[in-house]
Amino acid sequence: MRSGVVGKSLTTLVRDVRRIMEPYTATNLKERRTNRLKDFVMVAGQLNISHFLIFSRTEANVNLRIARVPRGPTLTFRVAEYALAKDCLALQKTPKTSAAKHESSPLLVLNNFKQEGKQFRVMTALLQNMFPTIDVQTIQLSQTRRVLLFNYNEDTGMIDVRHYAIGVKTTGVSKSIKRIINTEVPDLSNYDDISDYVLKEAIVSESDVEDGPDSVVTLAQNYPGRNNRKNDQRAVRLQELGPRLTLDLIKVENGLCGGEVLYHKYGNVFKK
Amino acid sequence: MVKIDHLESLPERMAQHEKLFNEMLHLIPAKYYIAQKQEFNNSPYMHNKRKLKAPKQEIKERSKKARKAKLDPENEKSIAELQSEQAEQVAKEKAESQTNNDDEEDEEDDESQAVDDDDVDEDDNDDVASNSSISLTKGDFSGLDGKPEIVLPTEPAKPMVRSDIADLHDRLQQRIAQMRQNRNAPKAKSREEILKQRAKKREDRKKAQKQQKEKRSGGQGPAEELVKVDNSTKRSAADSVKMDGDLFFGKVALGEQKKKGSIDAKQQLKKIESQKEKLEQLRKEDKQKASQVEEKEQWDRALALASGEKIKDDTKLLKKTIKHKEQQKRKSADEWRKRLDKVKMDEKAKIKKREDNIRNHTKAKKTGENRKKKGSKGNDGKKKKARHGFEGAAFGYGGKVSKSKKK
């Protein structure tokens, strides 16, 4: 949610972030000017809300606070850069957006978070608990349609946040055969025989990138999307869905937007 | 240029060529090949035509004659014949011009001859090279100067000797230099230099644009920043993505988990209070260590909270909880007591009632009130139970309800 006057672009960003967090979020939450934080806290108890993500803007920068609701720690990030979802989709030739993807929560991947410093452990714990636990026994592949990636960049000290949709593609066959399998009968007016069409290696398009053995998986279950049956070999492809954020951790507080400051990036400012 | 190897066969080949061309010429009607003399001498674009206008009658007669002449087969001369006639004329006129030495005539003749000469020259292909060589060696660029010059193929065909070529080259360069001077063109530069210059110009232009831009936007610059962010270490994220391990994933449910026995609030409170005391003691003894311990505690707390565990360490809240619990206990005890009391009371009441009834009964028995007379059943007599719908009321409304016999 937003706090204070943030402007149009940030409002859109908030909406995009809500979409990332679906389905366990209040997508259509409307905050009024008169609402204070304690109002939200009171409601949170009743509705079983676990975390708050609060965006705010100052003259210098945009801030994001992630807090655990009852009395939990608050992590304050500075949003160094962000890109809206609609811009990310506009970059792609064929963006794939479907509502079904947002029916289950995304998988979480944290890269390079094993760093020195307790704040990383707190961050890891906080982020991991924002999403529901995955029950290995009963989970379906159809529930894993999205992935949310946090990457810690050691050199700059920033965290990149990326949001992808998981797709699978047939591998091991040429593009022409793929087309026959996946879609309907192709246009054969220019060819004498179907063997010409199949053997024609003329154009190697961008999407025909050769997948190494690492990215090829065997589907354990049927996957949504045409023709993805159990025990088929498929290549995993990621398509960018949502906004991009670059976060910079500034401080960790012990209370809900208050309390003792455990860690401050720019030195021990208010240490008692 | 003619190769020296093929020199011997040259005349034969030339003869062949000539034969071929003559045959072709024969096929073309004369008027398409040889330009007829223009009527308006020495004038481009017919100025003062009116002065030379011929009377109508003459024109008519001339045109009639011409038409007739056209149809006359004898008049049709082939190109070769026409050319030979022209050549004769040229020779005659040249002889005349040489004797007369008249400039005006020369010019006139030159013009007409030039026209014919061109045709004659065209016929002899192989002589063109030699002609040009002749004209060049004479150092005469007649065409360029705009003055037509008589150039007759006086010398036989000669292949260009290589030494001549070097000479020609020099001459050409001289000529180009001369023309450039006339044009006032800039100094000659090599290709690379020119390219370099262009690149430089482009860069300069870009710099100027940039400066302008900065000037424009420099006035609006960012407001004073509370915290200056060091941008010098900005590097593209893609460069430094660590790929080797350190991947964390979302929480995975790992089967059954042992449930910790929940601690009573009182005990919890006790625990926390004891912890606080310890910390206080430690602080008195060793401040640094105390702060360290405190910090560690804080971090652990934050971590646990972030992980979702519920930590109860707020003394106020704990006290409240305890109080609440006590209250509840008391309340429930009260209620139980009340209930027990009620049950007892009820019991008592029942017993009392029962005893009362029995006493009454025995009393009545003793006095003999309830003795019933023999034979009498009880309420025999006047009081009969009035049955619904049959006996009815005294004043008799309605009477028995029977089915109406209306049809």
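**Helix α8 of chain B**

I started with B:D167 and B:R171, which both sit in helix α8 (residues 162-183) of chain B, four residues apart, or about one turn of the helix. This is a predicted model, so I'm reading computed geometry throughout. I looked up what the two side chains do, and they meet in a salt bridge at 4.0 Å, N to O. Side chains of opposite charge can pair when their charged atoms come close. I then searched the whole structure and got eleven salt bridges over all chains.

**Where chain B meets chain A**

How many salt bridges did I count between chain B and chain A? The count there is zero. I did find five residue pairs in polar contact across the interface of chain B and chain A, both partners at pLDDT 80 or more.

I got 32 residues from chain B and 41 residues from chain A in the contact. The two chains bury about 3,500 Å² between them, and 55% of that is on carbon and sulfur atoms.

I went on to the elements. β1 (247-249), β2 (252-253) and α11 (287-307) of chain B each give two or more residues to the side that touches chain A. α11(B) has the largest share of that side, ten residues. Sorting the chain B side by class, I noted 16 nonpolar, seven polar and nine charged residues.

**A strand pairing between chains**

I checked β1(B) for a strand partner and found β5 (residues 107-111) of chain A, paired with β1(B) in the antiparallel sense over three bridges. Which residue of β1(B) does A:N111 stand opposite? I read off B:L247.

**A hairpin in chain A**

I moved to β11 (residues 244-255) and β12 (residues 258-264) of chain A, which run antiparallel and are joined by four bridges. A:E253 stands opposite A:V261 in β12(A). The hairpin of β11(A) and β12(A) has two residues between the strands, and I noted that A:C257 takes a positive phi near 55° in it.

**The annotated span in chain B**

Last, I looked at the record. An unreviewed UniProt entry annotates residues 262-296 of chain B as "coiled-coil region". In the model I found that span to be 89% helix and 0% strand, with its end C-alpha atoms 24 Å apart.

Definitions and conventions: Residues numbered from 1 in each chain as written. Chains lettered and ligands numbered in written order. Predicted model: local features only at pLDDT ≥ 70, side-chain atom pairs only at ≥ 80, totals over all residues. Heavy atoms only, no water. UniProt positions renumbered as here; feature names shortened; annotations may be inferred. Contact = heavy atoms within 4.5 Å. Buried area = accessible area lost by both parts, 1.4 Å probe. Polar contact = N/O pair within 3.5 Å; in protein donor to acceptor, adjacent residues only side chain to side chain. Nonpolar A, V, L, I, M, F, W, Y, C, P; charged D, E, K, R; others polar. Pairing = 2+ DSSP bridges.
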